[in-house]
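Trainee: I would like to learn how to read a model like this one, feature by feature. Could we take the general idea first and then the case at hand?

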Amino acid sequence: MEHKFLTEENILAEIKGSWAGKRVKVFSETDSTNTQCRKLAAEGWPEGTLVVSEYQRAGKGRRGRAWVSPAGTGIWMSLLLRPELPPQKVSMVTLIAAMAVEKGIRLETGLDSQIKWPNDLVIGQKKICGILTEMQTQKEAAEHVVVGMGINANIREFPEEVRDSATSLYQVKGEETDRERLIGGVMAAFEEYWRIFLETGDLRALKEEYNEKLINRDRQVQILEPEGGYTGLCRGIGPEGELLVVLPDGQVKAVFSGEVSVRGVYGYV
Ligand code: BTN
């Protein structure tokens with residue numbers, strides 16, 4: 001397929017909902033779409049603003065890591081939200097975004113991916129999408145939230161350092177995915193899940209669907225915390241997005257995201 005550059009016009013043509021992605025800013029190159037989206041937030045751009053870039057010079061991953069963002073083949077995008085949420089509830093946004101990307105990928109490509117709590121999507125044990133949610137707080141509320149999604153869409157080959165842990169829709173499917181349509185699909189799914197989330201302000205109505213996609217479910221997981229770690233059986237998420245882990249003594253521990261990292265007992269998942 002001929003290489004097609006992302007444009008605001010082509011993305012807008014695929015936005016079917018009423019707010020998410022209704023304002024779009026596309027860069028051919030930038031430092032990080034999260035950084036640019038936060039700037040637009042400070043300038044007063046509305047909820048639903050979407051920043052997309054063909055290439056990120058300084059793509060950000062979780063915990064200060066870099067996110068490999070080659071030019072022209074990925075979907076590197078950040079969505080601006082202005083929810084009235086206390087900061088401790090903002091981690092739920094990441095889970096909602098994961099559900100939206102999963103659904104977008106499934107409807108657009110027919111591929112099933114799974115969620116690795118809290119912020120990765122995987123296909124065949126390898127990472128296909130990473131999510132980084134950042135917020136600006138003012139007093140006790142989140143002033144704005146930026147949810148950054150990195151989808152490995154049409155990447156043919158990854159650099160050595162992530163080759164074992166990353167995959168792309170192209171590598172799995174053997175053909176290119178229309179990035180604009182996938183962006184549109186993710187935005188539509190995000191709107192739907194967001195509406196359900198706002199009805200209760202938590203994930204109680206979404207957790208069953210989330211848990212069906214959760215790769216960690218009913219598996220032994222290692223919870224790595226800065227001060228140490230432990231192993232238990234993962235039972236899925238609770239209503240606030242916390243991971244419920246049964247410890248060897250039968251006690252159920254609720255793990256909130258943040259500093260923790262979850263691994264399978266034998267590796268990444
Ligand atoms: C992770 O898995 O560590 C999170 C990766 C998040 C990457 C996306 S790409 C678009 C947005 N802009 C960034 O700089 N990061 C996020």
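Trainee: How many residues has helix 5, and how far does helix 5 reach from its first C-alpha to its last?

Mentor: Keep in mind throughout that this is a predicted model. As a general idea, an α-helix has 3.6 residues a turn, so residues three or four places apart point the same way. In this structure helix 5, residues 179–200, has 22 residues and reaches 32 Å from its first C-alpha to its last, close to the 32 Å expected at 1.5 Å a residue.

Trainee: What is found at the start of helix 5, and what just after helix 5?

Mentor: At the start, a side-chain oxygen of Asp178 comes to within 3.1 Å of the backbone nitrogen of Glu180, while just after the helix Gly201 takes a positive phi of about 75 degrees.

Trainee: Let us turn to the loops. Is the peptide bond from Trp117 to Pro118 cis or trans?

Mentor: That bond is cis, with omega near -5 degrees, and Pro118 belongs to the loop between strand 4 (114–116) and strand 5 (120–123).

Trainee: Now the ligand: which of the 21 residues around the ligand come nearest?

Mentor: Ser32, Gln56, Lys60, Arg62 and Lys127 do. When reading such a site, separate side-chain from backbone contacts. An N or O atom in the side chain of Ser32 is 2.7 Å from an oxygen atom of the ligand, whereas Lys60 places a backbone N or O atom 2.7 Å from a ligand oxygen, and a polar backbone atom of Arg62 is likewise 2.7 Å from an oxygen atom of the ligand. Taken alone, the ligand exposes 420 Å², of which the protein buries 99%.

Trainee: Where does the ligand sit, and which elements give two or more residues to the shell around the ligand?

Mentor: The ligand sits in the largest pocket, and the elements in question are helix 2 (33–42), strand 3 (75–81), strand 6 (126–138) and strand 7 (141–151). Strand 6 provides the largest share of the shell, 4 residues. By residue class, the shell divides into 6 nonpolar, 11 polar and 4 charged residues.

Technical notes:
Residues are numbered from 1 along each chain as its sequence is written. This is a predicted model: local features need pLDDT of at least 70, side-chain atom pairs count only at pLDDT 80 or more; totals for chains, interfaces and linings use all residues. Side-chain values use heavy atoms; hydrogens and water are left out. A residue is near a molecule or strand if one of its heavy atoms lies within 4 Å of it. A polar contact is a pair of N or O atoms within 3.5 Å; within protein, one must be able to donate a hydrogen and the other to accept it, and residues adjacent in sequence count only if both atoms are side-chain atoms. Accessible areas come from the Shrake-Rupley method with a 1.4 Å probe; for residues, only the protein chains shown count as cover. On a 1 Å grid over the protein atoms alone, a cavity is a set of points where a 1.4 Å probe fits but cannot get out, and a pocket is an open set with protein on both sides within 12 Å along at least five of seven lines; lining residues have an atom within 4 Å of a point. A molecule sits in a cavity or pocket if more than half of its atoms lie within 2 Å of its grid points. Ala, Val, Leu, Ile, Met, Phe, Trp, Tyr, Cys and Pro count as nonpolar, Asp, Glu, Lys and Arg as charged, and the others, Gly among them, as polar. The expected span of a helix is 1.5 Å times one less than its number of residues.
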